[in-house]
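Hi,

Here is the structure I promised to pass on. Please open it alongside this note; my findings follow below.

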Amino acid sequence: MKITVLGAGSWGATLAALLFENGNDVVLWEFDKKRAENLQSRKIKPFAAGNDLPKDLLVTNSLDSFKDSKTVLFAVPSQYMRSTCKYLKDNGVSLDGKLIISATKGIENETLLRMSEVINEVFPGTYKNIAALSGPSHAEEVCMKMPTAVTSASESAEAAEKTRKLFMNKYFRVYNQTDIIGVETGAALKNVFAIASGIVDGLNFGDNTKAAIVSRGLKELARIGVALGGKEETFYGLSGAGDLMVTCFSRHSRNRAVGEAVGKGKSADEAEKSLGMVAEGIKNAISAYEVGKKLKVEVPIINEVYKVLFKGKKALDAVTELMTRAPKHEQE
Ligand SMILES: NC(=O)c1ccc[n+]([C@@H]2O[C@H](COP(=O)([O-])OP(=O)(O)OC[C@H]3O[C@@H](n4cnc5c(N)ncnc54)[C@H](O)[C@@H]3O)[C@@H](O)[C@H]2O)c1
Ligand SMILES: O=P(O)(O)OC[C@H](O)CO
């Protein structure tokens, strides 16, 4: 099967290598020509773990591979999903009849659309062919072939199943399901709670505080997800609770790291610049805050993260605010 993977960052490169090793003909497309050349000549490595791409995996900035690719995998950061789709369309690429997989985690600012909805807006009529691949999966561990389980979700059970078959191997276990709304919403929102969890680390609070963020964060995530049309059970699975846990606790998480820097007093901007990689939770905190407001859903942690990142609120004041809210029943 010929597959084009868009985005040669950590995740795109990791998934391209996995698909290649699963026996597919894979082309890895990178928007930055210089980076594409350096990756193709193997001058630079895409993985934090220090291993290299398979020898015969082609990295390119050209769109030639699209014509005969039956599958297209998006692994670009969410803020570039629309511009990447438009670039493809403007250059005559059609996604008609192709299996489209999105491994990108995010909700677009302003439109508040999920990634599959953004793809479908630029390429109308493709929604049924889109599957979201998501779950607790840090590139640093997948590229070292550490056992990992994720989920493949599409409105079309056939697209979810085709996606599962492409990726599944002895270290990458893929479940499938049809709740793409729940899976994409969980993927985007967990990053905001990972920032909150990092803030807890930056403030030198302990495991109790972090567990409170994870469990009350899961509640907020499920409230928004259900209001958007997702199924509650999805939020307690791999793409919800699973990804929330890994991102809030992992030493690899960029979102947690950004939160830690903010907890130590850096601004969101400074924290992101010093990271040098994408932390989706920063931009997604805006979307999460706006979605909560629009749907009139109670999301106190999201609201406080938003205020700390964008309104100059002190991290410690945000924690105090959360702890001293009016008492309430846990299940409300
Ligand atoms: N890294 C992980 O462990 C991991 C795991 C699961 C999901 N994801 C998701 O995958 C997506 C990509 O993350 P990543 O870790 O690969 O990011 P990254 O920071 O490693 O790479 C960013 C990529 O974006 C590209 N890029 C920069 N500007 C661009 C533009 N204007 N247009 C198109 N591409 C541009 C860069 O060239 C690079 O290829 C995110 O949504 C992330 O949440 C990442
Ligand atoms: O490193 P993070 O925080 O972007 O998280 C990466 C993945 O989403 C973990 O599943």
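The buried residues of helix α13 (residues 300-310) are I301, I302, E304, V305, Y306, V308 and L309. Keep in mind that this is a predicted model.

What covers those buried residues of α13? The cover includes α7, α8 (207-227) and α10 (254-263). It also includes α11 (268-275), α12 (280-295) and α14 (315-323). After α13 comes G312. The phi of G312 is positive, near 70°.

Two of the covering helices, α7 and α12, also meet each other. Their axes come within 8 Å and cross at roughly 110°. Angles of 65 to 115 degrees count as roughly perpendicular, so α7 and α12 are roughly perpendicular to each other. On the α7 side, the contact uses A188, L189, N191, V192, A194 and I195. On the α12 side, E280, G281, N284, A285, S287 and A288 take part. By class, the contact of α7 with α12 has seven nonpolar, four polar and one charged residues.

Now K190. This residue lies in α7, which spans residues 180-202. UniProt places the feature "active site" at K190, in an unreviewed entry. Is K190 buried or exposed? A residue is buried if 20 or more other C-beta atoms lie within 10 Å of its own. K190 has 33 C-beta neighbours inside 10 Å, so K190 counts as buried. Leaving out residues up to four places away in sequence, K190 touches L221, D243, L244 and T247.

Best wishes

Methods:
Residues are numbered from 1 along each chain as its sequence is written. Chains are lettered from A and ligands numbered from 1 in the order in which they are written. This is a predicted model: local features need pLDDT of at least 70, side-chain atom pairs count only at pLDDT 80 or more; totals for chains, interfaces and linings use all residues. UniProt positions are given in the numbering used here, feature names are shortened, and annotations may be inferred rather than shown by experiment. Helices (H or I, at least four residues) and strands (E, at least two) are DSSP runs, numbered from the N terminus. A residue is buried if 20 or more other C-beta atoms lie within 10 Å of its own, exposed if 12 or fewer, and partly exposed in between; C-beta atoms are placed from the backbone. Two residues are in contact if their C-beta atoms, placed from the backbone, lie within 7 Å. Axes are lines fitted to C-alpha atoms, for helices over the stretch in contact, and angles run from 0 to 180 degrees between N-to-C directions. Angles under 35 degrees count as roughly parallel, over 145 as roughly antiparallel, 65 to 115 as roughly perpendicular and the rest as oblique. Ala, Val, Leu, Ile, Met, Phe, Trp, Tyr, Cys and Pro count as nonpolar, Asp, Glu, Lys and Arg as charged, and the others, Gly among them, as polar.
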